[in-house]
Amino acid sequence: MMLGPKLLAFSAALLGCPFGVHQITRGTSESDFKPLSRSDASFCNGGLQVSYPDLDISKCLVISREHLLREKISQEWGAPRVRLNTVDKGKKYALMMVDPDAPNRSKPTRAHWRHWLVVDIEGASLRRGEVRGTTLSDYSPPTPPQKSGLHRYQFLVYEQPANQRLILTKMETSSLGNWDPQDFARKFHLGQPVAAVQFLTQNHRD
Ligand SMILES: *[C@@H]1O[C@H](CO)[C@@H](O)[C@H](O)[C@H]1NC(C)=O
């Protein structure tokens, strides 16, 4: 069963933004990036700002040619900075990063791959771009296998209901693969994501 399109569909239904101009950072050129297809771009909404040291992925983009950036994302950089300045200072938020294309987009038998899951993030800290909370899954960088094509890496922020304790089951913690983010959101009454963004990349040797 393909879970990717479902996740995409419910997020797209939420706001359905057209794709914006992708952000270019120092040392890179326009041709290193491509905007996402219309349907992939519709995933991005809510103004979520996600940035790695030399790469701002706040706007939906494909890292199409810049192999060095692909390599840095996989091997050098830790967790990105995540900022959302529309959140309520007094509320708590959950952040997840998933790959719906594990091991590849045409047959994602291991989807979703859970790359990062932090809950109980105070709105005030998310406004400052600090992901400080209870880490349920440590950040693991995008490492798409060789010859597996482009993978989507999706970041989603949910508002947590007050006094709701979010946890992973033993079964869920036993593997990063085959995780169902929608099931997690449903179980803890998280509703729709308040913001989401995704970027595409592939193995740096391809
Ligand atoms: C995609 O993954 C499936 C399932 O693991 C595998 O059988 C198939 O060969 C892969 N296809 C490509 C193009 O890598």
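Trainee: What percentage of the residues of the protein chain count as buried?

Mentor: The model is a predicted one. Its secondary structure comes to six helices and ten strands, and the accessible surface of the protein chain is about 9800 Å², with 51% belonging to carbon and sulfur atoms. A residue is called buried when its relative accessible area is under 20%. Of the 206 residues, the share that count as buried is 49%.

Trainee: In the open sheet of three strands, which strands stand at the edges?

Mentor: The strand order in this sheet is 3-2-5, and the pairing is antiparallel. Strand 2, residues 49–52, is joined to strand 3 by two bridges, and in one of the pairs tyrosine 52 has leucine 55 as its bridge partner.

Trainee: Which residue in strand 10 stands opposite valine 157?

Mentor: Strand 9 spans residues 151–159, and eight of its nine residues are buried. Strand 6 (residues 92–99) pairs with strand 9 in the antiparallel sense through six bridges, with alanine 94 partnered by tyrosine 158. Strand 9 also pairs with strand 10, again antiparallel, over seven bridges. In strand 10, the residue opposite valine 157 is alanine 195.

Trainee: Which strands are included in what covers the buried residues of helix 3?

Mentor: Helix 3 runs over residues 67–75, and its buried residues are Leu69, Arg70, Lys72, Ile73 and Ser74. Their cover includes strand 1 (33–34), strand 2, strand 3, strand 4 (61–63) and strand 10 (195–201).

Trainee: With which side chain does the side chain of serine 137 make a polar contact?

Mentor: Serine 137 lies in strand 8, residues 134–137, and is buried at a relative accessible area of 5%. Leaving out residues up to four places away in sequence, serine 137 touches Arg114, Trp116, Leu117, Leu168 and Leu176. The polar contact of its side chain, at 2.6 Å, is with the side chain of arginine 114.

Trainee: How far apart in space are serine 125 and arginine 83, C-alpha to C-alpha?

Mentor: Serine 125 belongs to helix 4, residues 123–128, and counts as buried at 4% relative accessibility. Beyond residues up to four places away in sequence, serine 125 touches Glu130 and Arg132. Serine 125 and arginine 83 are 42 residues apart in sequence, and their C-alpha separation is 8.5 Å.

Trainee: How much of the accessible area that the ligand has on its own does the protein cover?

Mentor: The residues around the ligand are Pro103, Asn104, Lys107, Thr109 and Lys147; this shell divides into one nonpolar, two polar and two charged residues. An oxygen atom of the ligand is 2.3 Å from an N or O atom in the side chain of asparagine 104. Of the 360 Å² that the ligand has on its own, the protein covers 44%.

Trainee: Among contacts between residues at least 6 apart in sequence, what percentage join residues at least 24 apart?

Mentor: The count takes in contacts within the protein chain, a contact meaning heavy atoms within 4.5 Å. Among those between residues at least 6 apart in sequence, the share joining residues at least 24 apart is 76%.

Definitions and conventions. Residues numbered from 1 in each chain as written. Predicted model: local features only at pLDDT ≥ 70, side-chain atom pairs only at ≥ 80, totals over all residues. Heavy atoms only, no water. Near = heavy atom within 4 Å. Polar contact = N/O pair within 3.5 Å; in protein donor to acceptor, adjacent residues only side chain to side chain. Areas by Shrake-Rupley, 256 points an atom, 1.4 Å probe, with all protein chains shown as cover. Nonpolar A, V, L, I, M, F, W, Y, C, P; charged D, E, K, R; others polar. Pairing = 2+ DSSP bridges. Helix = DSSP H or I, 4+ residues; strand = E, 2+ residues; numbered from the N terminus. Buried < 20%, exposed > 50% of the residue type's maximum accessible area, 1.4 Å probe, protein only.
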